[in-house]
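Please keep the sequence and the model in view while reading.

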Amino acid sequence: NLKLGQLLYELNETIKLQAVIKNLLKNHQLQDSSMEKSSLSSSSSGTSTHLLEIYALQIQLYSRQKDNKKLRELFRRAMRVEGGIPHPRTLALIQELGGKMYMESNEFEAATKSF
């Protein structure tokens with residue numbers, strides 16, 4: 001579904017992309033709650049990596065829509081995710097778009113930290 005989301009982003013299909021992201025987040029929450037019940041800590045890094053990939057897709061969408069309020073809140077949430085080893089492209093995408101968000105709001109000090 002992440003690949004579908006990325007394809008929809010590239011095709012600028014905003015409404016369908018929002019539905020895919022909502023579905024991905026719902027599936028992630030279901031997976032996370034089932035893992036808490038089984039208490040398998042070895043897979044928690046995989047779920048946090050998956051969550052960061054979902055956040056990256058969502059950050060791309062909010063950046064394209066120029067929705068800085070949602071973008072700022074989601075960027076902060078993405079920076080608080082611990083565990084897992086995200087793909088360098090995913091982390092770079094989150095950092096770059098976060099830096100651009102700070103630049104647009106003239107918060108240059110925060111932007112330099114983000115880049």
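Leaving aside its neighbours within four places in sequence, with which residues is Thr90 in contact? Thr90 is in contact with Leu52, Glu53 and Ala56, where contact means heavy atoms within 4.5 Å.

The model is a predicted one, in which local features need pLDDT of at least 70 and side-chain atom pairs count only at pLDDT 80 or more, while totals for chains, interfaces and linings use all residues. Residues are numbered from 1 along each chain as its sequence is written, and side-chain values use heavy atoms, with hydrogens and water left out.

**Overall organisation**

- The protein has six helices and zero strands; helices (H or I, at least four residues) and strands (E, at least two) are DSSP runs, numbered from the N terminus.
- Along the sequence, the pattern is α-α-α-α-α-α.
- Of the 115 residues in the protein, 35% are buried; buried means under 20% relative accessible area, exposed over 50%, and partly exposed in between, with a 1.4 Å probe and protein chains only.
- Among contacts with a separation of 6 or more, 58% are between residues 24 or more positions apart.

**The pairing of α4 and α5**

- Two packed helices are described by the angle between their axes and the distance between the axes.
- Helix α4 covers residues 68-80 and helix α5 covers residues 88-104; their axes come within 10 Å and cross at roughly 135°.
- Axes are lines fitted to C-alpha atoms, for helices over the stretch in contact, and angles run from 0 to 180 degrees between N-to-C directions.
- The two helices are therefore oblique to each other; angles under 35 degrees count as roughly parallel, over 145 as roughly antiparallel, 65 to 115 as roughly perpendicular and the rest as oblique.
- From α4, the residues Asn68, Leu71, Arg72, Phe75, Ala78 and Met79 meet Ile94, Gln95, Leu97, Gly98, Met101, Tyr102 and Glu104 of α5.
- By class, this contact of α4 with α5 has eight nonpolar, three polar and two charged residues; Ala, Val, Leu, Ile, Met, Phe, Trp, Tyr, Cys and Pro count as nonpolar, Asp, Glu, Lys and Arg as charged, and the others, Gly among them, as polar.

**Helix α5 and its residues**

- The 17 residues of α5 should span 24 Å at 1.5 Å a residue, and its end C-alpha atoms are 24 Å apart, which agrees; the expected span is 1.5 Å times one less than the number of residues.
- Buried residues of α5 are Thr90, Leu93, Ile94, Leu97, Gly98, Gly99, Met101 and Tyr102.
- Thr90 counts as buried because its relative accessibility is 6%.
- Gly98 is also buried, with a relative accessible area of 1%.
- Beyond neighbours within four places in sequence, Gly98 is in contact with Phe75 and Ser114.
- The C-alpha atoms of Gly98 and Ile59 are separated by 8.4 Å, although these residues are 39 residues apart along the chain.
- Just after α5, Asn106 takes a positive phi of about 60°.

**Residues of helix α3**

- Thr49 is found in helix α3, which covers residues 44-65, and counts as buried at 14% relative accessibility.
- Thr49 is in contact with Gly84, Ile85 and Pro86, leaving aside neighbours within four places in sequence.
- Ala56 also lies in α3 and is buried, with a relative accessible area of 4%.
- Not counting residues up to four places away in sequence, Ala56 touches Thr90, Leu93 and Ile94.
- Ala56 and Phe75 are 19 residues apart in sequence and 8.7 Å apart in space, C-alpha to C-alpha.
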